Amino acid sequence: MGEMLPLFPLGAVLYPGMLLPLHIFEERYRQLVRDLLARPEPRRFGVIAIRKGRETGIDGVHSLYGIGCTATLRQADELEDGRFDLVTVGTQRFRLLALDQTLPYLQGEIELLAEDPVDQAAAAPFVRAVQVAFRAYLDALTERGGATVRIEDLPAEPVLLSMVIDLPERQGLLDEADTVRRLSAERALLVRETAMLRATTSRPAPDLRYTPYSPN
């Protein structure tokens, strides 16, 4: 038997170590937050990407991806009308085993996925390769007039870098078993995206100015 956690389906992918602010307004998710606050710390729930459907509305979610990430609640501010503003952080990947729909919000039976400690020396060449590939991607955007983005110190983790690719591919990175594999896959994706940008002038540029923020 796996662990049972409340689930928060999103149209985005959460990674371990990534900050995720949430604005909670739907009643089912207000109840989820109230239930979390009634528990002892650490207060955790599962964030999992929506494969088909939408974040809001009754029966909005039709199917989910199989791998998600637990989120730990760091701060919860309740507004006068009962809405909440949350600050959460991704903590550990999990595999979704089964869904439970007995409560107003989804719960999931999950299996937490262990990740080997990162060997910094072994990972360093992959980190540098991703940084080079990401700078090439930004240069290609600028060459095509799509964006001007300057990032002096690129992160050593793939969180920011993975935000420039499409949802199924971000999910694919989360599915990778360890950081080195994730970085290697990410470099391949960035190289492909850069080649596509340089091959066409009609590709729309993503907006890199904002961090992910779900309205629900």
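The following paragraphs lead the reader through a predicted model of a protein chain, from its overall make-up to selected details.

Residues are numbered from 1 along each chain as its sequence is written, and side-chain values use heavy atoms, with hydrogens and water left out. Because the model is predicted, local features need pLDDT of at least 70 and side-chain atom pairs count only at pLDDT 80 or more, while totals for chains, interfaces and linings use all residues.

The protein chain contains 5 helices and 7 strands; helices (H or I, at least four residues) and strands (E, at least two) are DSSP runs, numbered from the N terminus. Read from the N terminus, the order of elements is β-β-α-β-β-β-β-β-α-α-α-α. Of the 216 residues in the protein chain, 42% are buried, where buried means under 20% relative accessible area, exposed over 50%, and partly exposed in between (1.4 Å probe, protein chains only). The accessible surface amounts to about 11,500 Å², and carbon and sulfur atoms account for 52% of this surface; such areas come from the Shrake-Rupley method with a 1.4 Å probe, and for residues only the protein chains shown count as cover. Contact means heavy atoms within 4.5 Å. Among contacts between residues at least 6 apart in sequence, 68% join residues at least 24 apart.

Helix α1 comprises residues 27–37. Its buried residues are Arg 28, Tyr 29, Arg 30, Leu 32, Val 33 and Leu 36. The cover over the buried residues of α1 includes β1 (3–10), β2 (19–24), β3 and β6 (84–100).

The loop between α1 and β3 (44–53) holds Arg 43 and also Pro 42. The peptide bond from Glu 41 to Pro 42 is cis, with omega near 0 degrees. The side chain of Arg 43 makes polar contacts (pairs of N or O atoms within 3.5 Å; within protein, one must be able to donate a hydrogen and the other to accept it, and residues adjacent in sequence count only if both atoms are side-chain atoms). One of these reaches the backbone oxygen of Arg 39 at 2.8 Å, and another lies 3.1 Å from the backbone oxygen of Leu 36. Not counting residues up to four places away in sequence, Arg 43 touches Leu 36, Leu 37, Ala 71, Thr 72 and Leu 73.

Strand β3 contains Arg 51. Leaving aside neighbours within four places in sequence, Arg 51 is in contact with Ser 63, Leu 64, Tyr 65 and Gly 66. Arg 51 and Leu 167 are 116 residues apart in sequence, yet their C-alpha atoms are 9.0 Å apart.

Leu 167 leads on to the helices. The axes of α4 (residues 167–175) and α5 come within 9 Å and cross at roughly 160 degrees; axes are lines fitted to C-alpha atoms, for helices over the stretch in contact, and angles run from 0 to 180 degrees between N-to-C directions. The two helices α4 and α5 are therefore roughly antiparallel, since angles under 35 degrees count as roughly parallel, over 145 as roughly antiparallel, 65 to 115 as roughly perpendicular and the rest as oblique. In this pair, Glu 169, Leu 173 and Leu 174 of α4 meet residues of α5 including Arg 182, Ala 185 and Leu 189.

Helix α2 (residues 120–143) also has its axis within 9 Å of that of α5 (residues 179–199), at a crossing angle of roughly 20 degrees, and α2 and α5 are therefore roughly parallel. Ala 136 in α2 is partly exposed, with a relative accessible area of 23%. Beyond neighbours within four places in sequence, Ala 136 is in contact with Thr 194 and Arg 198.
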